[in-house]
Every structure is written in C-alpha cells, then in structure tokens.
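Please look through the sequence and the model below before reading on. This briefing then goes through a few of its features, one topic at a time.

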Amino acid sequence: MSSTVRFSVVDGTFSIDAGENDIRAIYDESNSAINFFCCYKQDMSFYDKKLQSFAARHGIASASTS
C-alpha cells in the first residue's frame, strides 16, 4: 500500500523543508510542474543545487531561473 504525505500550507503551497520555512513548492497542475520559491535570496543557490542534483539522480527534467 502506498501513501502520500503532504504538508499543505494555508496559501496552497507545500512545506518541503521540515518546517524551516526557507523554501516552498507549488504544484502547477496546468503544466504538470512543481515550482519552488525561496523565502530568502541568499538561500537560492543552495536549494537550486540540491534540487538540480535530485532531478538529475531521478531522471527528472528541470530548469533553473535563478
């Protein structure tokens, strides 16, 4: 049996960093894409590298806009 755990926040975003509040994910259903938004500009490079690495390991197409 498979289950999905989602941490939906009131504004429709998903908390993906264990409550740190540094990055949020928003699922764009019309484009079947997940967009990520950093709360702090200084964290963008850190999270971009993490997300790009994750995508490469799992064969997921990704693009960076930072």
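The points below concern a strand pairing, a pocket and the cysteines. The model is predicted, and the structure holds zero disulfides.

**The hairpin**

- Strand 2, which covers residues 23-28, pairs with strand 3, which covers residues 33-38, in the antiparallel sense, and six bridges join the two.
- Within this pairing, Tyr-27 has Ile-34 of strand 3 as its bridge partner.
- Four residues lie between the strands of this hairpin, and Ser-32 takes a positive phi near 50° there.

**The largest pocket**

- The largest pocket holds about 760 Å³ of space, and among the 24 residues that line it, Ile-34, Asn-35, Phe-36, Leu-51 and Ala-63 are the closest to its centre.
- Strand 2, strand 3 and helix 1, which spans residues 44-57, each give at least two residues to the lining of this pocket, and the largest share, seven residues, comes from helix 1.
- Sorted by class, the lining of the largest pocket is made up of 16 nonpolar, seven polar and one charged residues.

**The cysteines**

Conventions:
Residues are numbered from 1 along each chain as its sequence is written. This is a predicted model: local features need pLDDT of at least 70, side-chain atom pairs count only at pLDDT 80 or more; totals for chains, interfaces and linings use all residues. Side-chain values use heavy atoms; hydrogens and water are left out. Two strands pair if DSSP finds at least two bridges between them. On a 1 Å grid over the protein atoms alone, a cavity is a set of points where a 1.4 Å probe fits but cannot get out, and a pocket is an open set with protein on both sides within 12 Å along at least five of seven lines; lining residues have an atom within 4 Å of a point. Grid points are joined across faces, edges and corners, and a volume is the space filled by probe spheres set on the points. Ala, Val, Leu, Ile, Met, Phe, Trp, Tyr, Cys and Pro count as nonpolar, Asp, Glu, Lys and Arg as charged, and the others, Gly among them, as polar. A disulfide is a pair of cysteine sulfur atoms within 2.5 Å.
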